[in-house]
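Dear colleague,

I am passing this structure on to you, as you will be working with it from here. Please open it alongside this message, which goes through what was found.

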Amino acid sequence: MIKGTSMGLINVGLIIAILCITNGVVAAYFSDSGLSIIARGKGNAITADHDGIVTSSKNPAAVTTVTYPQFKTYYSSHFGIIKNTSIAWGLPLNKRAAIAINIPAQLIENIQKRDIDGSYIGNFNDYLVVPMISIGYVWKDIAFGTSINYRYHQIDSETGTGTAINMGLRYARSRISLGASINNLGKQVNWSTGRQETYLPTSHMGVMVHFNTQSVLADVDFDHNNQNFIVNLGYELILYERLKLSVGISDLTARFQYGGGINLYLSQKMIVHYEYTQHRYLGQQHSAGVTIGY
Amino acid sequence: MAIRTYFKIHPQFNYSDYFIQGVYRFRQQVSHYQFFLMGHYILGVYIAITAIGFFKIRRSLSLYWVIMLVFFIFPIHATQNQLIIKINPQNITDVPELAATLVELGLSEIKKIQHPSQSQRRSLNLSVSDHENHHSEITLIADIDNQTADHQKMISRLITNTAIDYIEKVYPLRLFSDLNDPLYEQQDYMMELSLNQLVSLPNNKTIIVAVIDSGVDYNHEDLRDSIYINQQEEPSNGIDDDNNGYIDDRYGYSFSGISSGNGSPLVTDDLGHGTHIASIIAAKPNNRIGISGVSRGVKVLPIRIFDDQGNGNQVDAAAAIRYAVDQGADIINCSWGFFQVNTILKEAVQYALNKGVIVVAAAGNANSYIPEYPASLDGVITIGSVGSNGQKSTFSSYGDHIDFMIRGQQILAAVPGNAYDYQSGTSQSTAIVSGIIGALLSARPELTGDDIYHYLQQSTESDSKTNSHGYGVININSLFSVSQLNDLAPVFQTNIDFKVREVYNYPNPIRSNQTQFRIDTNQPEFNAQIQIFTPEGQRVTTLYDRGYSGFVDITWQLESSISNGTYIYVVTLTSNNGTKVSQIEKCTVMR
């Protein structure tokens, strides 16, 4: 009964929230929620996951799974074109609450500038930074979380800024975890060109089932900008309590990505991460990082 | 109750078909997204009800799986919220009124599709010059503002305007391979036999191929542009306008029963055989519809000699052959025959040969050495069937009269009703050879039947005939190594590495609602595909076009909903010999 109640509340909450939000909102084309550090190595199927800061980027309620103070940093290269980096800090406030700050950034360099006749004029860069602060609280088996992010985007000499809010729930009991979140609530980006972009939110629902050393993850991302959805699947295996391996696929029908990850526990609070994913058309993505607890 | 009564009254009605059609119709109305979202909303509501204690959670999950099962069984693509409107300039009486009607119905971003360029569109400007140019076509594509609008009502209202020829919802298309015909990838014989190279041969003369058969669905979506039209004949006026002895033969003629006085201009295909044959030869390539025919330089002259039961006789066939010759056919395709022959048929074939018309006929599907006619007549090019392994098909007849073999098994081609199907037989082999000859003649109109026979012979592996394979299997690559056809070979550039000289978009950053992608290569002709992705790898759109003289400019019309930012695009180019090259670049939207 408790399982049904929790998931039912999550779904009904989502429905009401989406219906309220989507009225009268002009949609931009896509959301960039994935800019923040994410677990591509497990198919990004992390809405119900319990991986602390990583998971909180998609479901703020998961920040409550940060069980010790920690720094996390990542660097990733996508398709030989895009560079991403992230610095994050997580802190449990008490047994029921935790907070995390995550500062992901993206750089695309040397974009050719051409005029209306096709003549080459020079190069410019595209910078994007989306700092985010998340806070979560656990009540019985249900965790609640929210985060707010600020977006700074600079393309050539133009800039765009905006804020957004993410909200999430996570229910965990026995071997099953359920998660749901709505991200990019109220996201609006104002550009120096005068253009104003209002994004519709994305919503996410996920489940994780774990058996001793193994976990299976699945989630669905609804992109209300594109009226599209993405199904993600992941699998995680812990070996010798020091090595966590993962594989995952992220929406093979649209986003076309699959890959795997390795997390090596040098000590209980020091973890080295590496993830590799392959995009069917765009090529390889590599991501490496480290988590240091104190 | 009413439904049950209906099925009792109509026992022939298939209940499962009714259900499936209903689900299909429903799936056609909603997108993947809407369907999936709907499923999860229902699941959420059910689980909420479960929580109150009305149902068991197992039932909720069962319902969920049923919904998802239906979703995956019926994965129909959603229609886009766009309408395509063709306007007849001659009937426009009030330009402002028409424009006002379009806007009033919630249509925005109305753009004019430019001809002949496939990809360029510009903003709608129903100017006086357009109005006065009665010979130009105006085809508009319009976004529907209100996504919940009743499209059918909208179409019904617009179609009453006499200025509008047709109005339809825009459906999506997908490119599968180097030819952009969506079913091309299933035409494995095209690649296997290198027939795709023929599609790019120059079209120096339109060759008429008479398909004497069970008729042709000349309105088929993939054939209607490849049908020979007798311009001298007005349709359905009951008058023999061109004085050739046949009334209303604008789209060919039916000789089925003409020996009994029952000829007619109705060449519709009740059996599907003739349509299949015609489309193998001439289905329009690179039109993003259906399949690709072997030759783009031919027109099919439909001539029917079989009734709807598949019955025909040699007197009718003889008259059909003479008609084909007199109408100017260059090639006559005979995918039929019999073990005995009437003199009248012999004479008709000789009449064709004397006029320089090439007659191609099927060996037959009896797996017999007994010759069939007209295949066994002197001067006729006789075709047998092999499988994809090059071995004689079990059904294919054989004997000394066989000239060449080519694949005739599992050939995908058009059938009546805008449909496509696989068929096998020496009929299909014959059609492929007719297509090959048509492509060669179109590129080199000066060639004679003897020349072509000689070149086909040189393309095979054998210098002498065998009882089972004739001269053997026609090899297209060898055909172009024949010295007399060498001038056609450079078209394929098979020996040149496919290189992309330059790929970029301009202007960049994109500050308006369109940009051009410039692709410069070392290949005279190629197919270009551009897939545009977000930095996270989510595909935004896909653009297609064909490059000529080494380059192509492809226009991307940006919707207003495309947000500012940098996008990654993958350019995939396919040469005529199937070589693919790709390049990744980036473009930036800044509006």
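Two strands are said to pair if DSSP finds at least two bridges between them. In this predicted model, that applies to S7(B) and strand S8 (residues 298–304) of chain B, which pair in the parallel sense over two bridges, and in S8(B) the bridge partner of Ser254(B) is Arg304(B).

These two strands belong to an open sheet of seven strands in chain B, whose order is S7-S8-S6-S9-S10-S11-S12 and whose pairing is parallel. The edge strands are S7 (253–254) and S12 of chain B, each of which pairs on one side only.

Further along the sheet, strand S10 (residues 358–362) of chain B pairs with S11(B) in the parallel sense over three bridges, and Ala362(B) has Ile383(B) as its bridge partner in S11(B). S11(B) is in turn joined by four bridges to strand S12 (residues 404–407) of chain B, the two running parallel, and the bridge partner of Val386(B) in S12(B) is Arg407(B).

Helix H10 (residues 314–326) of chain B lies across strand S6 (207–213), S7, S8 and strand S9 (331–334) of chain B, and runs at about 170° to S6(B). H12(B) lies across S6, S8, S9, S10, S11 and S12 of chain B, and runs at about 160° to S10(B).

In helix H13 (residues 449–459) of chain B, the buried residues are Ile452(B), Tyr455(B), Leu456(B) and Ser459(B). They cover an arc of only 100° around the axis, and so they are on the same side of H13(B). An α-helix has 3.6 residues a turn, so residues three or four places apart point the same way. What covers the buried residues of H13(B) includes S10, S12, helix H12 (426–443) and helix H14 (476–479) of chain B.

Some details of the backbone are also worth checking on screen. A cis peptide bond, with omega about 15°, joins Tyr373(B) and Pro374(B), and Pro374(B) lies in the loop between S10 and S11 of chain B. Another cis peptide bond, with omega about -10°, joins Tyr506(B) and Pro507(B), where Pro507(B) has its place in the loop between strand S15 (500–506) and strand S16 (514–521) of chain B.

In chain A, Asn184(A) has a phi near 65°, a positive value in a residue other than glycine; Asn184(A) is found in strand S8 (residues 176–191) of chain A, and counts as buried because it has 25 C-beta neighbours inside 10 Å. Glu241(A) also has a positive phi, near 60°, but lies in the loop between strand S12 (228–239) and strand S13 (243–250) of chain A, and is exposed, with 9 other C-beta atoms within 10 Å.

Finally, a word on confidence: chain A averages a pLDDT of 82, and 85% of the residues score at least 70. Over residues 1–36 of chain A, however, the pLDDT is below 50, although this stretch has 90 contacts in the model beyond near neighbours in sequence. Where pLDDT is low, the predicted coordinates should not be read in detail.

Note on methods: Residues numbered from 1 in each chain as written. Chains lettered and ligands numbered in written order. Predicted model: local features only at pLDDT ≥ 70, side-chain atom pairs only at ≥ 80, totals over all residues. pLDDT = per-residue confidence, 0-100. Contact = placed C-beta atoms within 7 Å. Buried ≥ 20, exposed ≤ 12 C-beta atoms within 10 Å, placed from the backbone. Arc of directions from axis to C-beta. Axes fitted to C-alpha atoms, helices over the stretch in contact; angles between N-to-C directions.
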